[in-house]
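Please look at the structure below and follow the text with the sequence at hand.

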Amino acid sequence: MGRDADIRVGTTDRERAVAALSDHLAEGRIDIGEYETRCAAATAARTRGDLRAVFADLPAPHPRFDPPAPSPEPVRPAPPPVRRRNTSLVIGGFLVAGIGLIVAVAAVTNSWWALAPALVVAAVLVMVVS
């Protein structure tokens, strides 16, 4: 409980304490002057121990506390980026050179059938780029 008393409280915890003090005022356990004093102490509380001290001589209700949040996972550094070669540029260059060679062969031999591989290469190029 010693470590629990050192946990800092937030606005929600303080509001719960003031609500519990309102119940004690309504039940007649504390008067309006004591209510104001205890509310001031509750709103100024920094730790759970400070809030528990406000309720030390009072029966339930007491403010309830949420369990402490688990420690976050340590942040691991991102792996270095993978350097990729610009393969699309290389492939595109080979395809353009291949089509140029096929067209040159078709022009020199004067045969239309030599252009058929160029159409296949062009179709592959369109599929790769898309």
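R16 and D13 are both buried in this predicted model. The two form a salt bridge, with their closest N and O atoms 3.5 Å apart. Because R16 and D13 are three residues apart in helix α2 (residues 11-27), about one helical turn separates them. Side chains of opposite charge can pair when their charged atoms come close.

A search of the whole structure finds five salt bridges. One of them joins D4 and R48, whose closest N and O atoms are 2.6 Å apart. This pair links distant parts of the chain: D4 is in helix α1 (residues 2-5) and R48 is in helix α4, 44 residues apart. D4 is partly exposed, at 23% relative accessible area, whereas R48 is buried, at 7%.

R38 and D57 also meet in a salt bridge, 2.9 Å from N to O. Here too distant parts of the chain are linked, since R38 lies in helix α3 (residues 32-44) and D57 in the loop between α4 and α5, 19 residues apart. R38 is buried, with a relative accessible area of 10%, while D57 counts as exposed at 56%. Salt bridges with shared partners join D4, R48 and R52 into one network.

The loop between α4 (48-54) and α5 (87-109) also holds P61. A cis peptide bond joins A60 to P61, with omega about 15°. Most peptide bonds are trans.

Where is the nonpolar surface patch? I91, V120, V124, M127 and V128 make this patch of about 460 Å². Helix α6 (residues 116-129) gives the most to the patch, with four residues. V124 lies in this helix and is partly exposed, with a relative accessible area of 35%.

Key. Residues are numbered from 1 along each chain as its sequence is written. This is a predicted model: local features need pLDDT of at least 70, side-chain atom pairs count only at pLDDT 80 or more; totals for chains, interfaces and linings use all residues. Side-chain values use heavy atoms; hydrogens and water are left out. Patches are made of residues with over 30% relative accessible area and no salt bridge: like charges are joined within 9 Å, nonpolar side chains (Val, Leu, Ile, Met, Phe, Trp, Tyr) within 5 Å. Accessible areas come from the Shrake-Rupley method with a 1.4 Å probe; for residues, only the protein chains shown count as cover. A salt bridge is a side-chain nitrogen of Lys or Arg within 4 Å of a carboxyl oxygen of Asp or Glu. Helices (H or I, at least four residues) and strands (E, at least two) are DSSP runs, numbered from the N terminus. Buried means under 20% relative accessible area, exposed over 50%, partly exposed in between (1.4 Å probe, protein chains only).
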